[in-house]
Amino acid sequence: MDFSDRHIVVTGGAGALGSAVVEVLLGAGAICHVPCFNEAEAQRFRLRDHKGVRLTVTGSLADEAAVARLYQGIAPLWASIHIAGGFAAAPMRETTAAILHQQIDMNFVSCALCCRAAVSAMTGGGRIVNVSARAGLEWRSGAGMVAYTASKAAVAALTAALAEEVAKDGILVNAVAPSIMDTPANRAAMPKADYALWPKVEEVAATIVFLVSPENRVTRGAIVSVYGKS
């Protein structure tokens, strides 16, 4: 796949999955715009000095002004990949309004605002990929993490509706829905799990990269399950 000189936004690009996505895109010639929440996150990003990376400290992507600054001047924008988000587990009895707002802002509002900015910036068609989650599709599996589940279900619904809305503009919108991915953080949190069953971030990244590639000419409105063997 050839992404030579194509401008692509990757939110959450400094994280485990985001870094894997950015690395593949850079290898294919893309110019990757990577927003970081703060300077500490920017300093941790291992690809920050690559010539194809445009790194910015943006703050919260649930803030309209921050998102507007991120997308301003990126022309022409080819693709926007929305990986940024957050996880909170709590039984419903302990789920406060603050937790609900946090999960909705981090996972749904940030995604929706970036989708809006991306659609406005894509003057000649393009690609959008959002990140939902297994719990966002299989709601019963979200017991104990209801706020997170609801926010990721909203991302899936947004994806399907937006895909229909902008298809006529040549913009293909899809999402991936990972199960637990094989990352150092997840291994530390679940030391007794069978890691061989978890999808690798590189494998999930490969699916995302295809969906935003010029080679994807027909897939839209899909919520692609990337569960590995789990």
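The crossing of helices H4 and H6 is right-handed in this predicted model. The axes of the two helices come within 8 Å and cross at roughly 15 degrees. H4 is therefore roughly parallel to H6, since angles under 35 degrees count as roughly parallel. From H4, the contact draws on Ile99, Leu100, Gln103, Ile104, Asn107, Phe108, Cys111, Ala112, Cys115 and Val119. From H6, it draws on Ala147, Tyr148, Ser151, Lys152, Ala154, Val155, Leu158, Leu162 and Val166. By class, 15 residues of this contact are nonpolar, three are polar and one is charged.

H4 also packs against helix H3, which spans residues 64-71. Here the angle is about 35 degrees, and the axes lie 10 Å apart. This crossing, too, is right-handed. On the H3 side, the contact involves Glu64, Val67 and Tyr71. On the H4 side, Leu113, Cys114, Arg116, Ala117 and Ala118 take part. Six residues of the H3 and H4 contact are nonpolar, none is polar and two are charged.

A further pair is formed by helix H1 (residues 16-27) and helix H8 (residues 201-211). Their axes come within 9 Å and cross at roughly 55 degrees. H1 and H8 are therefore oblique to each other. The crossing of H1 and H8 is right-handed. H1 contributes Ala16, Leu17, Ala20, Val21, Val24 and Leu25 to the meeting. H8 contributes Val201, Glu202, Val204, Ala205, Ile208 and Val209. Eleven residues of this contact are nonpolar, no residue is polar and one is charged.

Attention now turns to open space. Rolling a probe the size of a water molecule over the atoms shows where empty space is left. The largest pocket holds about 1200 Å³ of space. Its lining consists of 44 residues. Nearest the centre of the pocket lie Ile83, Gly85, Gly86, Phe87 and Tyr148. Tyr148 also belongs to the contact between H4 and H6. Several elements give two or more residues to the lining: H1, strand S2 (31-36), H4 (97-121), helix H5 (134-137), H6 (146-166) and helix H7 (184-189). H4 supplies the largest share, with four residues. By class, the lining has 24 nonpolar, 16 polar and four charged residues.

Two features of the backbone complete the description. Most residues other than glycine have a negative phi, and most peptide bonds are trans. Asp5 has a positive phi of about 65 degrees, although Asp5 is not a glycine. This residue sits in the segment before strand S1 (7-11). The peptide bond from Ala75 to Pro76 is cis, and its omega is near -15 degrees. Pro76 is located in the loop between H3 and strand S4 (77-82).

Terms used
Residues are numbered from 1 along each chain as its sequence is written. This is a predicted model: local features need pLDDT of at least 70, side-chain atom pairs count only at pLDDT 80 or more; totals for chains, interfaces and linings use all residues. Side-chain values use heavy atoms; hydrogens and water are left out. Axes are lines fitted to C-alpha atoms, for helices over the stretch in contact, and angles run from 0 to 180 degrees between N-to-C directions. Angles under 35 degrees count as roughly parallel, over 145 as roughly antiparallel, 65 to 115 as roughly perpendicular and the rest as oblique. A crossing is left-handed if the near helix is turned anticlockwise from the far one by less than a right angle, and right-handed if clockwise. Contact means heavy atoms within 4.5 Å. Ala, Val, Leu, Ile, Met, Phe, Trp, Tyr, Cys and Pro count as nonpolar, Asp, Glu, Lys and Arg as charged, and the others, Gly among them, as polar. On a 1 Å grid over the protein atoms alone, a cavity is a set of points where a 1.4 Å probe fits but cannot get out, and a pocket is an open set with protein on both sides within 12 Å along at least five of seven lines; lining residues have an atom within 4 Å of a point. Grid points are joined across faces, edges and corners, and a volume is the space filled by probe spheres set on the points.
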